[in-house]
Amino acid sequence: MTVVETVARVRVGSGSSVVRLFCHPRLPLIAGLDAERPAVRVWDCGAGWLRELGCVGAESSEYGDAAEWEKRQRIPAVDWHPHQPLLVVAGEDGVRRWTPDGVRDLESVPLGARYPDIAFSPDGGTLWATPSWDGEDSAWDSSDVIELASGSVSTGPRWDTGVAEHPAGGLVVTLHSDQGATFGLFARVDDASSPATMRVLRRALVLDVDGYEKPVFSADGRHLAIRGNAYGNSLEVFEFPSLRSVLATPLGDPTPGYPYPREWLDQMRAWSRHNLAFAAAPGILWIGTPTGTLVELDVETGHTVEHEVATGSRVTALGTTATGELVVATDDGDVLLLSLAAGAGTAGSRGVDGEPSGAAVAEFLDSTSEVPDDGDLEDHLVRTDGRHIWEADDVANVTRADETHPTWLQLQAAFNALREQDT
């Protein structure tokens, strides 16, 4: 098993905690989303310590007793520049940037723009923001592509939940959500273009229903984890580039179906939505639990080892630093920096190098093609749930499905059958 050692700890503040962590991909910097107000704290995690550097939104009012949907509308979107100590925060006061020199507005963004989600392009020269600010009623049909140097804004593809870059570069994945089904869209990224754009590819994941969190690549790029969904604490892990499903399981008890018992709803809420982090060791996924423990999971074998964390308080967020340490936030307001020493058990048994493979990205790109700019997305996607593959025509023409098929396919079959009756 892996030996877990706490090397640094800070307390967020009286009565508060952190509910999401954003680790810089290359620098010793961590951002944490405050549970009590739309504020983002920033820490230096270099040299084995945690030192607070600043805060964006410290002056904002607390969420208080606001309804869940009202609170959700105030939660800011956050992303780190891939190379610089620059954090962008899109919230109720517009889009602002934090650097070690302080906080100020991000001038390149359209005046008055509000974005529920943002992401830097891999080269850092472009900010992707969704939905399109000028989209009016059809805003969610597209996104904004903002070139930071010039401030020019162009139109990008539809996406709604996070953008994760493959560690070897050249490819990103994001989510395109709907109540019936969510697509995991892969896109080619050409950093030579200005602004950098997502060229959506035909091969895609398909997940039942909606409400998933940002996908997470393993450090070596061989696995992709997706946490969700709106109706259950699901965890799915896919192999890359095959997109083969290697793990699909609920966290806690599986959903009993509607109407949901109060006990199950309480359990579901106890599990953090941001409780996943891949270790530097290949194939090892860490999961934070409501009881304050960390579960070390080998995604290929399903073998797990549970570790105690010093505070014993519910894990509210989990992340991995640029140097491979775990960062844990807990319900009692602690943020912990954990060092991982691989022993002879789970994490040390795989015997493969942990370097990301550019060949895997090339293999994926060679296996598919881009969706035409003027094409309807669903008319071109080749969908997989990691077990079965559906060509676009298969989905368009299916009229029969039973309980052994995914829910999204059952719905599609029902819609197609009704359409046939109408014609």
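Biologist: In what order do the four strands of the open sheet lie, and is the pairing parallel or antiparallel?
Modeller: This is a predicted model, and in it the order is β22-β23-β24-β25, with antiparallel pairing.

Biologist: What makes β22 and β25 the edge strands?
Modeller: β22 (276-278) and β25 (304-307) each pair on one side only. On average, neighbouring strands of this sheet are turned by 20° against each other, direction ignored.

Biologist: How do you know that β23 and β24 pair?
Modeller: Pairing needs at least two bridges, and five bridges join β23 (residues 284-288) to β24 (residues 294-298), so the two count as paired. Across this pairing, Leu285 stands opposite Leu297 in β24.

Biologist: Now the rings: how many aromatic pairs are there?
Modeller: The count is nine.

Biologist: Why is the pair of Phe186 and Phe240 called tilted?
Modeller: The ring centres are 6.3 Å apart, which is within the 6.5 Å limit, so they pair. The planes stand at 35°, neither under 30 degrees (stacked) nor over 60 (edge-to-face), so the pair is tilted.

Biologist: Why do you say that this pair ties together parts of the chain?
Modeller: Phe186 lies in strand β16 (residues 181-189) and Phe240 in the loop between β20 (234-239) and β21 (245-250), so the parts tied together are 54 residues apart in sequence. Phe186 and Phe240 also belong to one aromatic cluster with Phe217 and Phe364.

Biologist: And why are Phe186 and Phe240 called buried?
Modeller: Buried means under 20% relative accessible area. Phe186 has 0% and Phe240 has 5%, so both count as buried.

How values were computed: Residues are numbered from 1 along each chain as its sequence is written. This is a predicted model: local features need pLDDT of at least 70, side-chain atom pairs count only at pLDDT 80 or more; totals for chains, interfaces and linings use all residues. Side-chain values use heavy atoms; hydrogens and water are left out. Rings of Phe, Tyr and Trp (its six-membered ring) pair if their centres lie within 6.5 Å; planes under 30 degrees apart count as stacked, over 60 as edge-to-face and the rest as tilted. Buried means under 20% relative accessible area, exposed over 50%, partly exposed in between (1.4 Å probe, protein chains only). Axes are lines fitted to C-alpha atoms, for helices over the stretch in contact, and angles run from 0 to 180 degrees between N-to-C directions.
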